[in-house]
Amino acid sequence: GNYFERQIGRWSKQYAASVTQPITEMDQLIDWLPTHIPEGARDTGMARVVHGDFRLDNLMFHPTEPRVLAVLDWELSTLGDPLADFTYVAMAWVTDNGGRSGVADLDRKALGIPELDEMITRYCAATGRDSLPDMNWYFAYNFFRLAGIIQGIKKRVIDGTANSAHAKEMSARVAPLAERAWEFALAAGAK
């Protein structure tokens with residue numbers, strides 16, 4: 001239970017343990033996010049398996065049919081609210097591609113990718129929800145969470161213990177992710 005509270009606490013601690021330089025937006029998010037969890041995201045007692053890194057580039061698609069063959073990279077999986085996975089994959093619609101899973105700057109219609117509002121409608125229909133009115137909060141949370149994860153990588157780069165060839169490049173993304181998270185928090189009513 002209390003998935004979002006647990007995750008905000010976890011990534012706040014991860015960030016605090018690996019701070020290399022203060023990021024004002026992260027401090028603001030650490031204060032704001034846990035006190036503004038949407039009512040619909042509070043513990044419902046209906047925990048499910050949450051992938052934790054559910055995004056387009058962690059899916060393996062059939063080469064000729066529109067179906068997923070496999071979901072990869074389960075290291076962040078846990079029990080919690082499946083809305084976390086949906087809102088994490090939805091970040092693609094507010095993120096430029098940059099060679100990754102963002103689709104904001106792509107010609108989605110030409111590629112056969114539905115618009116975000118259609119994805120939300122489909123998700124709501126499949127899950128029995130009427131709507132998802134707090135998407136800005138979920139985007140703030142997901143960008144914050146990603147910044148916390150990458151801050152840990154940045155600290156390992158500085159300490160010389162990072163094991164990924166792309167770790168140094170990724171570590172430069174922390175502040176921009178925190179800034180983006182705070183933009184969504186402001187859109188969700190933060191002051």
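## Salt bridges in the predicted model

A salt bridge is taken here as a side-chain nitrogen of Lys or Arg within 4 Å of a carboxyl oxygen of Asp or Glu. The structure is a predicted model, and under this criterion seven salt bridges are counted.

## Pairs within helices

In helix α8 (residues 174-187), Arg-180 and Glu-183 are three residues apart, a separation of about one helical turn. The two residues form a salt bridge in which the closest N and O atoms are 3.1 Å apart. Both partners are partly exposed: the relative accessible area is 44% for Glu-183 and 28% for Arg-180. Elsewhere, salt bridges with shared partners connect Asp-53, Arg-55 and Asp-57 in one network.

Helix α6 (residues 135-159) contains Lys-155 and Asp-159, which are four residues apart, about one turn of the helix. Their side chains meet in a salt bridge with an N to O distance of 3.3 Å. Lys-155 is partly exposed, with a relative accessible area of 26%, and Asp-159 is likewise partly exposed, at 45%.

## A pair with a buried arginine

A further salt bridge joins the side chains of Arg-108 and Glu-115, with an N to O distance of 3.0 Å. Is Arg-108 buried or exposed? Arg-108 counts as buried because its relative accessibility is 16%, and the limit for this class is under 20%.

How values were computed:
Residues numbered from 1 in each chain as written. Predicted model: local features only at pLDDT ≥ 70, side-chain atom pairs only at ≥ 80, totals over all residues. Heavy atoms only, no water. Buried < 20%, exposed > 50% of the residue type's maximum accessible area, 1.4 Å probe, protein only. Helix = DSSP H or I, 4+ residues; strand = E, 2+ residues; numbered from the N terminus.
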